[in-house]
Amino acid sequence: MSARAAPRPRWRNWSGTQGCTPTAVARPTSQAELVETVAAAARRGQPVRAVGSGHSFTDCACTDGVMIDMTGLGRVLDADPVSGLVTLEGGATLRSLGARLATYGLGLANQGDIDAQTITGATATATHGTGARFPNLSAQLASLRLVTAAGEVVDVDDGDDLLAARVSLGALGVISEVTVQAVPLYTLHRRDERRPLAETLDRLDESADDNDHFEFFLFPYTETALTRTTARSVAEPTPTAAWKRRLHTGVENGGLGLICRVGRLLPAAAPRLNRLITAMMTPATVCDHAYKVYATERKVKFTEMEYALPRRHAREAIERVVAVIRRRRWPILFPIEVRFAAADDALLSTAHHRDTCYIAVHQYRGMEFEEFFRTVEQIMDEYAGRPHWGKYHFQTAETLRERYPAFDRFTAVRDRLDPQRVFANDYTRRVLGP
């Protein structure tokens, strides 16, 4: 009797919307192991993709070749409290990084509202927070170390190589280390409250410009915005008791999850459920060290698409998205989210050379979303919208090239660093070209 082949490993992303069956999953714990894994796969002619926390909604990490799990490479290697430069391995998660940086009196200049990602996964997809004066996370990378298909370790610290590698979709090689420009540890004072939607839209630019960080959420069948306004300071934090935080998170996630399950069973009730969720939101304040305030715990699974638009089009685009949802009577149970970011210079940054408004739409897991997302995407196309690289979209290299003035500069770097396309997969071929 012949021996049966061992089953190939199965990988799925955070939301369960993407999956693949790699030939093998490697889990290096040192740079030497990482180099050998990449070089050996390239010699065998196998494609390679690195994966962090799997928090992308796209198939960005998927491969039928060798998948490199970066979770064993999460150490902080060096930190200088004077210069603020911190060198860490590419598998370090944002969640673990906050507390470790704080021991040096340092913090990230800005951060998104989810901290499960690895530093390299977040930067590779141009993940961002909010704040009209603050660029996305990748702009905080001062330099990085890249493992190429040839098994070479390349230090990247300037020129187009750095501008390409900051937001690379993993298409240039595996980033083994990054050096981040951190800032002195600071406190955030956050205020969450309800405001009339019309007033929020009327004061959109004022709110974005006059606050360190501003964002808002709106359920499309209501006339209320749930605003989040945050100020930075060096004052001592006054943290909320841990039990109160856990209770608030449990109630928030539990209530939203229950309402979404009802809406999935009774989609016609979506407008009433939107109003119920909004009515349940109460004003809240938080004052703590920044890394404890930026991120929120999300236990309810969903699917998301997000677009980056020139900021001047923000209000018009928001109103058009709300109008089409109401007109089509789609059962949307999650809010539309609106955030802001400063322009930056990474070649494939969604905020490349333009001040940006981000508009995100979501749908609860198990509910149809493609018609909704495609219709919203058509609206975003009219404003030269750039999709978040880690979230659902239907663009291709042909449609994206004209939206990125430096697209061909990125391709030139890719051609030089990975001419054989060892780090390619279906996603990169679709959005970056062959």
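In this predicted model, Asp 345 touches Leu 163, Arg 166, His 352 and His 353, leaving out residues up to four places away in sequence. Asp 345 belongs to the loop between β18 and β19 (356-364). With a relative accessible area of 36%, Asp 345 is partly exposed.

## Two buried loop residues

His 128 is also a loop residue, placed between α3 (119-124) and β9. Is His 128 buried or exposed? Its relative accessible area is 4%, so His 128 is buried. Beyond the residues up to four places away in sequence, His 128 touches Gly 112, Asn 136, Leu 137, Glu 306, Arg 339, Tyr 358 and His 388. Gln 363 is 235 residues from His 128 in sequence, and their C-alpha atoms are 20 Å apart in space.

Cys 62 is found in the loop between β4 (48-51) and β5 (66-69). A relative accessibility of 11% places Cys 62 among the buried residues, because the limit for buried is under 20%. Cys 62 is in contact with Trp 11, Gln 18, Gly 19, Cys 20, Arg 49 and Asn 425, neighbours within four places in sequence being left aside. Val 51, eleven residues from Cys 62 in sequence, is 8.4 Å from Cys 62 in space, C-alpha to C-alpha.

## Helix α13

Helix α13 covers residues 407-417, and its buried residues are Phe 407, Phe 410, Thr 411, Val 413, Arg 414 and Leu 417. Why do these residues lie on the same side of α13? They cover an arc of only 160 degrees around the axis, which puts them on the same side of the helix. In an α-helix there are 3.6 residues a turn, so residues three or four places apart point the same way. Asp 408 and Arg 416, on the other side of α13, are exposed.

What do the buried residues of α13 pack against? Their partners are β9 (141-147), α4 (159-165), α12 (397-401) and α14 (426-432).

## Aromatic rings

Across the whole structure, a search finds 13 aromatic pairs. One of them joins Phe 214 and Phe 216 in a tilted arrangement, with 6.1 Å between the ring centres and 40 degrees between the planes. Phe 214 also pairs with Phe 340; this pair is stacked, at 6.3 Å centre to centre and 25 degrees between the planes. Phe 214 lies in strand β14 (residues 213-218) and Phe 340 in strand β18 (residues 336-341), so the pair ties together parts that are 126 residues apart in sequence.

| Residue | Relative accessible area | State |
|---|---|---|
| Phe 214 | 1% | buried |
| Phe 216 | 0% | buried |
| Phe 340 | 2% | buried |

Elsewhere, ring pairs link Trp 330, Phe 369, Phe 372, Phe 373, Tyr 392 and Phe 394 into a cluster.

Charged side chains also meet rings. The charged end of Lys 301 sits over the ring of Trp 14, at 5.4 Å from the ring centre. Likewise, the charged end of Arg 386 sits over the ring of Tyr 404, with 4.9 Å to the ring centre.

## Pocket and cavities

Rolling a probe the size of a water molecule over the atoms shows where empty space is left. The largest pocket has a volume of about 1,700 Å³. Its lining consists of 48 residues, and His 248, Thr 249, Glu 252, Thr 296 and Glu 297 are the ones nearest its centre.

Which element gives the most to the lining of the largest pocket? That element is α7, with twelve residues. The elements that each supply at least two residues of this lining are β13 (187-196), β15 (224-233), α7 (242-265), α8 (270-280), β16 (284-289) and α9 (290-293).

The largest cavity holds about 630 Å³ of space. It is lined by 40 residues, of which Ser 56, Thr 120, Gly 121, Ala 122 and Thr 125 lie nearest its centre. At least two lining residues of the largest cavity come from each of β4, α3 and β11 (174-181).

How values were computed
Residues numbered from 1 in each chain as written. Predicted model: local features only at pLDDT ≥ 70, side-chain atom pairs only at ≥ 80, totals over all residues. Heavy atoms only, no water. Buried < 20%, exposed > 50% of the residue type's maximum accessible area, 1.4 Å probe, protein only. Helix = DSSP H or I, 4+ residues; strand = E, 2+ residues; numbered from the N terminus. Arc of directions from axis to C-beta. Contact = heavy atoms within 4.5 Å. Phe/Tyr/Trp six-rings, centres within 6.5 Å; stacked < 30°, edge-to-face > 60°. Lys NZ or Arg CZ within 6 Å of the ring centre and 35° of its normal. 1 Å grid on protein atoms, 1.4 Å probe; cavity = no way out; pocket = protein on both sides within 12 Å on 5 of 7 lines; lining within 4 Å. Points joined across faces, edges and corners; volume = space filled by probe spheres on them.
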